[in-house]
Amino acid sequence: MNSFFKIGLLTLIIGAFLAGINQKFIPARHVEISASYGMRGSEVEAIQQMLGGMGLFYGEVTGYYGSQTEAAVGRFQQSHGLPATGIADMATLELLGVNPRTGRTPEASDANINLLARIISAEARGEPYSGQVAVGAVIMNRVAHPSFPDTLAGVIYQSGEFSAVWNGQFEQPVSQTAYAAARDALAGWDPTGGAVYFFNPRKTSNAFLHARPVTTTIGAHRFAA
């Protein structure tokens, strides 16, 4: 076997080896993110809270993706024209406003803007524009705070936190200014100085809220740390 043939053969072997490596190690950005049966975590809890608020999930919010969660996801997918697999794939998560890629800093996706605008409109309809942004900022601050859920949907649907979610206001038409306020809050504008609570002192006698240190007052709302 002459030296030229040996060199050519060696080149072919190395090329095949490198091609195998390139096929084996696929960049993470090509991996589809999803939640499915048997999983646990804050994303699953947020899915359950979101679907529960829509009347599609009837079980207890546990953070475990069991058969009830799977069935609820399937109902949601069917109602939105998606394949009813029961697996919360990326398309399903984005429609729900639950995006595990965003971690503690929700991105300004259409789903997150719409979700945040809905709670802003429900809680701060008629308030000054800065007051609407402030309500959005409180939601954002909670996402980043270790004492609250770490997703936008998890914070908004957390049991007992926002009366507008269960008193019907959350389902009312969303004001146009709320969409702009949601974008500003997602972009990082925080008129509250880091508040994680807000309340109308004329409408609540909650001793816990009244005892919180107030960071600012905007319109009818006090914002507190």
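**A salt bridge, ring pairs and the confidence behind them**

In this predicted model, the side chains of R142 and E161 meet in a salt bridge, with N and O 2.7 Å apart (a side-chain nitrogen of Lys or Arg within 4 Å of a carboxyl oxygen of Asp or Glu). R142 sits in helix α6 (residues 129-144) and E161 in the loop between α7 (152-156) and α8 (163-166), so the pair ties together parts that are 19 residues apart in sequence. Helices here are DSSP runs of H or I with at least four residues, strands runs of E with at least two, numbered from the N terminus. R142 counts as buried at 3% relative accessibility, while E161, at 32%, counts as partly exposed (buried is under 20% relative accessible area, exposed over 50%, partly exposed in between, with a 1.4 Å probe and protein chains only). The structure holds 1 salt bridge.

Helix α6 also carries Q132, which is buried at 6% relative accessibility. Its side chain reaches the backbone oxygen of E127 at 3.1 Å. Beyond four places in sequence, Q132 has contacts (heavy atoms within 4.5 Å) that include I120, A124, S175 and A181.

As for aromatics, the whole structure has 7 pairs, meaning rings of Phe, Tyr and Trp (its six-membered ring) with centres within 6.5 Å; planes under 30 degrees apart count as stacked, over 60 as edge-to-face and the rest as tilted. Y129 and W189 have ring centres 6.2 Å apart and planes at 45°, so this pair is tilted. Y129 belongs to helix α6 and W189 to the loop between α9 (176-186) and β1, so the two tie together parts that are 60 residues apart in sequence. Y129 is partly exposed at 30%, and W189 is partly exposed at 38%. The rings of Y157 and F170 lie 5.6 Å apart between centres with planes at 85°, so they form an edge-to-face pair. Y157 is in the loop between α7 and α8, and F170 in the loop between α8 and α9, 13 residues apart; Y157 and F170 are both buried. Ring pairs also join F148, Y197 and F208 into a cluster.

Now for confidence. Mean pLDDT (the predictor's confidence in each residue, from 0 to 100) is 80 for the protein, and 80% of residues reach 70 or more. Helix α1 (residues 3-24) is lowest, at a mean of 48, and strand β1 (residues 197-199) highest, at 96. Where pLDDT is low, the predicted coordinates should not be read in detail.

Residues are numbered from 1 along each chain as its sequence is written, and side-chain values use heavy atoms, leaving out hydrogens and water. Local features need pLDDT of at least 70 and side-chain atom pairs 80 or more, while totals for chains, interfaces and linings use all residues.

Terms used:
A polar contact is a pair of N or O atoms within 3.5 Å; within protein, one must be able to donate a hydrogen and the other to accept it, and residues adjacent in sequence count only if both atoms are side-chain atoms.
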